[in-house]
Amino acid sequence: MSTRAVEENAFDHDVIVVGAGFAGLYTVIHAARRGLRVHGIEAAPGVGGTWFWNRYPGARCDVESIDYSYSFDPELEREWRWSERYATQPEILRYLEHVADRFEARTHYSFNTRVTGASWDETAQCWHVDTDDGRRATAAWLVMATGPLSTPIVPEITGRDSFAGQILQTSAWPSEPVDFTGKRVAVIGTGASGIQVIPLIAEDAAEVVVYQRTANYSVPAFNFDLDDAEWATQQTGLARRRELSWKSPAGSPWSSHLEPFADLDDEAREAVFNEAWQRGGVLFAKAFRGQTIEREINDAARDFFERKLAERIANDTTRSALTPVGHALGTKRICTDSGYYETYNLPHVHLVSLRTEPITEMTPAGITTTAGAREFDIIVYATGFDAMTGALTSIEIRGRDGRLLRDEWADGPITLLGVGLPGFPNLCVLNGPGTPSVFANMALTSEQQGRFALELIDYCTNAGYSSAEARADAAEAWTQHTQDVAHATLFGSSDSWYTGANLPGKARAFLPYAGGFDQFCARAEAVIDNGFTGFVLS
Ligand code: FAD
Ligand code: N01
């Protein structure tokens, strides 16, 4: 590409990238490779994003490590060796640090710096970006790689701040180890984070009380070490794995059983569910094609799940409380666990169902529910995120005519392919609402998203355009399509962070794109090939 136009401009940078997770790091590395003057801004002291912040015991990926890694450089793929099928948080963080060093990405970043505001300057055709150190930078383009799961929420509970013991949050876990030995520990939240951390806390604590609002579906990971033989097999098959992943609905090489559910008898169906179960974790969500669309298939999967649950939990009352009701299997992300349900067979681990026994207040000593008070030394919040929109709406982002993004999205986000926002020229959002991101392997979605933004920048630079903005009607059509696709499945009828239901007061809209990573990539490529249809270039 020609960088002449951008070199001649008066801005501090051609592009500012906010975030140093999978998406931001990819974009910074590739912007620099394309000759752009790129500047990264990251609130954390280092790279890693999700894997920097979520360092609670038990944190690991639920997409296999070999797949949950960048695909853009064969040398990088060859030189990095994963030690487990599902890598732990420290290993994934080391990987991202390695990537940052190998491609000299850190030199482009300001760490420990939070973006507080960004405003579009119509006259100069650039973004002014304000940070919490009081500085302002300008760039022709602004790429928000701020993460779909990066804005933690801690519930408003009466007396919350009065608790005198230690408070921990899975999504902002301290770097130094926490000693649970002999401690009385409360855990609030039983999503994927809670389900991963609870068994590890229970290993050392004197007592663990889990406060559960909604029971979740969790399937064993069947994790294993990648010994030399397994690693050699994975390496030999890697090119094929990548090819399948890029063409799949969820960015992984695994697909659903090929024969339709309706064509099989009960015994054959059982065998298919068994095979998917043994594969482990989230992959159980797609044992059969149509499992999250057709109620009959979903009910059969749930029946299988409940029979497995009976093998895992000894106590009938506890098992009943841990049995999900009210949402179809897979319509909240299936959790991938290592001994989660079995933890409740331990005598010092107790479950409190908040549906029957809500929390009334927190006190200096602990937590009080309608059934009485319990005292704790440590309270752990595993209560999730203001997902997909929170990182963006918490920043003062002002587009054309001073339009504030937070206001524009008050009734739900409006995007074109997730990346383009009407009224906000030269702003690209990565892994945001309207993308398949959180439904797929996000190492690959990050590459796809970063590349799309950089292709747009290159295209405009080469053609002499100073701005690109999603057309309002195109964004509305994409947003409507996102809703329609979700509501044609069982996802649409389930309350979850996918719909904003986890956060009181948040607009209800289906946030990710449920039409499949493969379909999304095809649409995005067509937009690129056709000169960015749906965008106004000027
Ligand atoms: P992030 O990794 O969230 O990075 C965003 C960065 O932006 C953060 O570092 C944040 O500090 C920074 N930032 C945000 N706002 C600002 C601001 N205003 N100023 C400056 N910096 C800012 N996905 C999978 O595909 N497979 C998995 O196995 C998987 N496991 C997960 C496990 C956990 C515990 C969690 C929470 C998520 C998991 N995910 C998984 C989803 C995960 O978020 C993505 O895979 C991926 O890491 C997201 O990358 P990202 O770059 O888009 O965002
Ligand atoms: O967050 P969550 P998470 N009072 O929102 C409960 C990815 N991830 O951090 O379900 C009481 O899922 C809330 O209850 P409810 C993955 O994509 C992956 O666990 O809203 N409870 C729920 O039980 C995942 O989906 C991995 O009724 C309250 C919990 O807190 C996403 O990140 C690991 C409450 C929050 O669960 C988010 O997961 C970790 C309140 N006021 C994360 N408010 C892997 O395994 C909320 N809760 C790869």
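Biologist: Which helix gives the most to the shell around ligand 2?
Modeller: This is a predicted model, where local features need pLDDT of at least 70 and side-chain atom pairs count only at pLDDT 80 or more, while totals for chains, interfaces and linings use all residues. Residues are numbered from 1 along each chain as its sequence is written, chains are lettered from A and ligands numbered from 1 in the order written, and side-chain values use heavy atoms, with hydrogens and water left out. Helices (H or I, at least four residues) and strands (E, at least two) are DSSP runs, numbered from the N terminus. With 3 residues, the top contributor to the shell around ligand 2 is helix α6 (residues 192-204).

Biologist: Which residues come nearest to ligand 2?
Modeller: A residue is near a molecule or strand if one of its heavy atoms lies within 4 Å of it. The shell has 10 nonpolar, 8 polar and 6 charged residues; Ala, Val, Leu, Ile, Met, Phe, Trp, Tyr, Cys and Pro count as nonpolar, Asp, Glu, Lys and Arg as charged, and the others, Gly among them, as polar. Of the 24 residues around ligand 2, the nearest are T190, S193, R213, T214 and K332.

Biologist: How much of ligand 2's accessible area does the protein cover?
Modeller: An oxygen atom of ligand 2 sits 2.4 Å from a side-chain N or O atom of T214, and a backbone N or O atom of A382 lies 3.3 Å from a ligand 2 oxygen. Accessible areas come from the Shrake-Rupley method with a 1.4 Å probe; for residues, only the protein chains shown count as cover. Of the 910 Å² that ligand 2 has on its own, the protein covers 86%.

Biologist: Which residue's side chain makes a polar contact with that of E357?
Modeller: E357 is in the loop between β12 (349-353) and β13 (359-362), and is buried (under 20% relative accessible area; exposed is over 50%, partly exposed in between; 1.4 Å probe, protein chains only) at 17%. A polar contact is a pair of N or O atoms within 3.5 Å; within protein, one must be able to donate a hydrogen and the other to accept it, and residues adjacent in sequence count only if both atoms are side-chain atoms. At 2.6 Å, the partner of E357 is T369.
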